[in-house]
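I wanted a quick look through this one before setting anything up. These are my notes, in the order I looked things up.

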Amino acid sequence: MCGIIGYTGVKGAQEIMLDALEILEYRGYDSAGIAVCGEDSCVRIRKCAGRVKDLRLLCEKDGILGTCGIGHTRWATHGGVSDANAHPHRFGKVTVTHNGIVENYRDLVQRYRLEERLQSQTDSEVAAAVLDHFYSGDPLAAIRKTVLKLKGTFALSIMFEDIPGTIFAVRNVSPIVIARAQGGSMLASDVTVLGQYSKEYFVLPEFYVAVLKAGGVELYDMAGETAEPEWLTVNWDVDRSGKGGYPFYMEKEIMEQPQVIRETVLPRIQGGIPDLSGDGIPDSLLADCTRICVVACGTAMHAGLVGKALMQSLVRIHMDVELASEFMYTDVIVDEETLVIAISQSGETIDTLEAVKHAKKNGAKTLAIVNVRGASVARASDYVIYTNAGPEIAVASTKAYTTQLAVLYLLTGRMAYVRGSFGEEEAKAFAGELMRVPEVMQKVLDRREEIHYIARSILNAQDVFMMGRGLDHAILLEGSLKLKEISYIHSEAYASGELKHGTIALITEDTPVVAVVTQDKVKSKEFSNIKEVQSRGAGVILFIKETFGLEKDAVWDSVFMLPAMEDGFMVMPASAALQLLAYYVSLDKGLDVDKPRNLAKVVTVE
Ligand code: M6R
């Protein structure tokens, strides 16, 4: 969480940073600030609680001229949301912005007698104070001594008052990427923002110090030796990062799904069969494991649940899906024969990253399914498959989820083939159906106004229940998360058969129920369960595979006919429909769809 930006060059730093911070807001948006080294070499700070637009107003009234600065958009951890707790923080000669958590900040406050001298309640100001304590003209030495004292995670961008025009950066776990751009050098928390300015960037290695000057970037290791950055190329079109005429990124990202799924799938079908050799995935990795364990959070974890249903039924391999945040604390069994699959859009979710490291320590092989090239989870894993979704800016994940699913279908198809569960013809038929997903999903998107109409019926609901069995349940877990996070309506997804073991007590005529029916093998049981809630007064919104048809005497609040695919692939059109449902509820409630309260796009704290 928190987004950091830095620029030093020949242009006005304030404007560049305000524009970049607006893009970075998805990492946190409760306060924002910038520090600019003015033409008189003095560092001045403007910061406030609120959004970047509030900071912009502040800067319009009282801006800072200068060509070197650091900026921040905050997701509060230590210290509430206030002007004082907004970054940057200045202590003595040092000004910092920080992403991460300094876990031992209380010890540091005591050790360096800082109690009376701090202006904020943040751990970040403590880091600035420790840097100032060690600074006596040698910035690299001060940074080196400081990071040895810090416990926890940090991405720090630092300016020293007596070294104008220069930004220093150092990190542990929390990300920083660096590029040459805008007639100077830039740093940011992630490539989504730097990709607007430059195609070439590098990820600052942990415990290396980057020194950014107008003329270029130098990199040093902790011993003070120079090092060569490993330059990477941005793997998406800059054009894809704008809103493209849509009111919100979320709508644009939902609409992009057919295209990005095509781009994820097509290069990985060779001779009509799923083929991951282009990603460097050896067949032996898929053939030799005896067990699979997915580690992921939120939406990415829901993608894992769909993967589990597919793998178990088509490959007949034991597969678990673990919440990455619980993985290390629940004694999950992983060993040399386990393939651990880490799924993450950002590739920076700290719980997922720590779970990968833990799995490797236990001897497991690790495979990352990640969207952002060069992200920490990708680099920490033995193998990586990129999802090619392009930048996903809306906090609510949509195209990242369905491209993660696309990769899981590819893995399932390839694994079934190399392990002999599929013959050549079955593998080709499976790949053929996967290639049909973009066209079928497009049919749902083309009918989005129907879903908009349906959404109006739950606009004022306090609670919504969602029900389905098997894959339908897996789809609904994600659909329910979408609704909760952007519309603030309490929603629960239940395996239909489980409702009557307690939760049905909550069903009344005021609780709309969303049911998904796409799986032939459970559809009659699903219909019985739907009748159980209807008899308790609930109105039911039904999303059903169009070829199933409807019973003549049944009464529905609304029905959306999902275009048909093989049952195992119905996840894709159904997911698009549920994403649109959540989107339109949020839109019609007048909420900030892209930036729901309390959330951040990238979760880099445990
Ligand atoms: O970047 P990641 O995929 O690792 O993020 C994991 C979750 O934080 C994320 O999927 C979250 O649940 C989504 N914002 C939900 O839409």
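**Entry 1: what I am looking at**

I keep in mind that this is a predicted model.

**Entry 2: the ligand**

Next I went through polar pairs. The side chain of S344 has an N or O atom 2.6 Å from an oxygen atom of the ligand. S397 gets there with its backbone: an N or O atom of it lies 2.8 Å from a ligand oxygen. For T299 I found a polar backbone atom 3.2 Å from an oxygen atom of the ligand. How much of the ligand does the protein cover? On its own the ligand has 410 Å² of accessible area, and the protein covers 90% of that.

**Entry 3: S397**

I located S397 in the loop between β21 (383-386) and α14 (399-418). Is it buried or exposed? S397 counts as buried because its relative accessible area is 8%, and the cut-off for buried is under 20%. Skipping residues up to four places away in sequence, S397 touches T299, E392, E478, K482, E485 and K601.

**Entry 4: helix α12**

I ran a length check on α12 (residues 350-361). With twelve residues at 1.5 Å each, α12 should span 16 Å, and its end C-alpha atoms sit 17 Å apart, so the two agree. Its buried residues are I350, D351, T352, L353, A355, V356 and A359. I had a general point in mind here: an α-helix has 3.6 residues a turn, so residues three or four places apart point the same way.

What do the buried residues of α12 pack against? I listed β7 (152-160), β17 (291-296), α11 (324-327), β19 (338-344), β20 (365-370) and α13 (376-380). After α12 comes G363, with a positive phi near 90°.

**Entry 5: helix α1**

I repeated the check on α1 (residues 13-24). This helix also reaches 16 Å from first C-alpha to last over its twelve residues, close to the 16 Å expected. Nine of those twelve residues are buried, so I noted α1 as mostly covered, given the under 20% cut-off. The buried set is A13, Q14, I16, M17, L18, A20, L21, I23 and L24. Those residues pack against β1 (3-8), β2 (31-37), α2 (52-61), β4 (68-74), β10 (184-188) and α6 (191-194).

**Entry 6: nonpolar cores**

The largest nonpolar core has 96 residues, and the members touching the most others are I341, Y409, L411, V514, F543 and L581. Which helix gives the most to this core? That is α20 (residues 571-588), with twelve residues. Apart from this core lies another of 54 residues, including C48, V177, A324 and L353.

Ignoring neighbours within four places in sequence, Y409 is in contact with L310, F430, L434, G568, F569, V571 and M572.

H87 and P88 are joined by a cis peptide bond, with omega about 0°. P88 is in the loop between β4 and β5 (89-91).

S41 is not a glycine, yet its phi is positive, near 70°. I placed S41 in the loop between β2 and β3 (43-49), and its relative accessible area of 32% makes it partly exposed.

D331 is another non-glycine with a positive phi, near 50°. D331 sits in the loop between α11 and β19 and counts as exposed at 69% relative accessibility.

**Entry 7: E206**

Last stop was E206, in the loop between β11 (200-203) and β12 (209-213). With a relative accessible area of 34%, E206 is partly exposed. What does E206 contact, leaving aside neighbours within four places in sequence? I got R171, N172 and V173. For V173 there is a polar pair as well: its backbone nitrogen lies 2.8 Å from a polar side-chain atom of E206. I also noted K151, 55 residues from E206 in sequence and 14 Å away, C-alpha to C-alpha.

How values were computed
Residues numbered from 1 in each chain as written. Predicted model: local features only at pLDDT ≥ 70, side-chain atom pairs only at ≥ 80, totals over all residues. Heavy atoms only, no water. Helix = DSSP H or I, 4+ residues; strand = E, 2+ residues; numbered from the N terminus. Expected span 1.5 Å × (residues − 1). Buried < 20%, exposed > 50% of the residue type's maximum accessible area, 1.4 Å probe, protein only. Contact = heavy atoms within 4.5 Å. Core = buried A, V, L, I, M, F, W, Y, C linked by side-chain atoms within 4.5 Å. Polar contact = N/O pair within 3.5 Å; in protein donor to acceptor, adjacent residues only side chain to side chain. Areas by Shrake-Rupley, 256 points an atom, 1.4 Å probe, with all protein chains shown as cover.
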